[in-house]
Amino acid sequence: MTGTNSFPDDLLQLQERLHRAHAEHRAYLADLPRSVEPCAGWTRGERFSHRGDLPDSPGWSDEQKETVTRMRAEIRELSIAVVDHPHWATIARENVVAARMRLKKQARPIAPGDVTEAA
């Protein structure tokens, strides 16, 4: 057990890995083309003029699709591991949500840049 909230070390590590996995997923998605499948763009005034010009999107490659699928699977597995951890059985039902929020804050990497580094 650790610190003031007395969460088990393995639960803290799982939550930190989950934070990192989410951050890596968001960063990866930000670098991908705007659409999964190839999609034509448009110019201002043609339609959706409030968004301005939008170039054609080549879509995602098979490798990119597989990477996103793998990342989502990792996030899902880590989420399940955190939620199903035996520690939650020791918390009164009415306090679980508050404890879960404390865990999220306590396990968050210290600096924003720490989230995007590989674990």
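Me: Hi! How many salt bridges does a search of the whole structure find?

Reply: Hi! The search finds two salt bridges. Keep in mind that this is a predicted model.

Me: Okay, which residue does Glu16 pair with?

Reply: Glu16 forms a salt bridge with Arg20, and their closest N and O atoms are 2.8 Å apart. Both sit in helix α1 (residues 9-30), where being four residues apart separates them by about one helical turn.

Me: And is Arg20 buried or exposed?

Reply: Arg20 is buried, with a relative accessible area of 13%.

Me: Got it. What does Lys65 meet in a salt bridge?

Reply: The side chain of Lys65 meets that of Glu37, at 3.2 Å from N to O. Lys65 belongs to helix α2 (residues 62-83) while Glu37 is in the loop between α1 and α2, so this pair ties together parts 28 residues apart in sequence. Lys65 counts as partly exposed at 26% relative accessibility, and Glu37 is partly exposed too, at 46%.

Me: Switching topic: which residues have the most contacts inside the largest nonpolar core?

Reply: Those are Phe7, Leu11, Val82, Trp88 and Leu103, in a core of 13 residues. Helices α1, α2 and α3 (96-107) each supply at least two of the core's residues.

Me: Which helix gives the largest share?

Reply: That's α1, with five residues.

Me: Nice. What is Trp88 in contact with, leaving aside its neighbours within four places in sequence?

Reply: Trp88 is in contact with Phe7, Leu11, Val82, Val83, Val96, Ala99, Arg100 and Leu103.

Methods
Residues numbered from 1 in each chain as written. Predicted model: local features only at pLDDT ≥ 70, side-chain atom pairs only at ≥ 80, totals over all residues. Heavy atoms only, no water. Salt bridge = Lys/Arg side-chain N within 4 Å of Asp/Glu carboxyl O. Buried < 20%, exposed > 50% of the residue type's maximum accessible area, 1.4 Å probe, protein only. Core = buried A, V, L, I, M, F, W, Y, C linked by side-chain atoms within 4.5 Å. Contact = heavy atoms within 4.5 Å.
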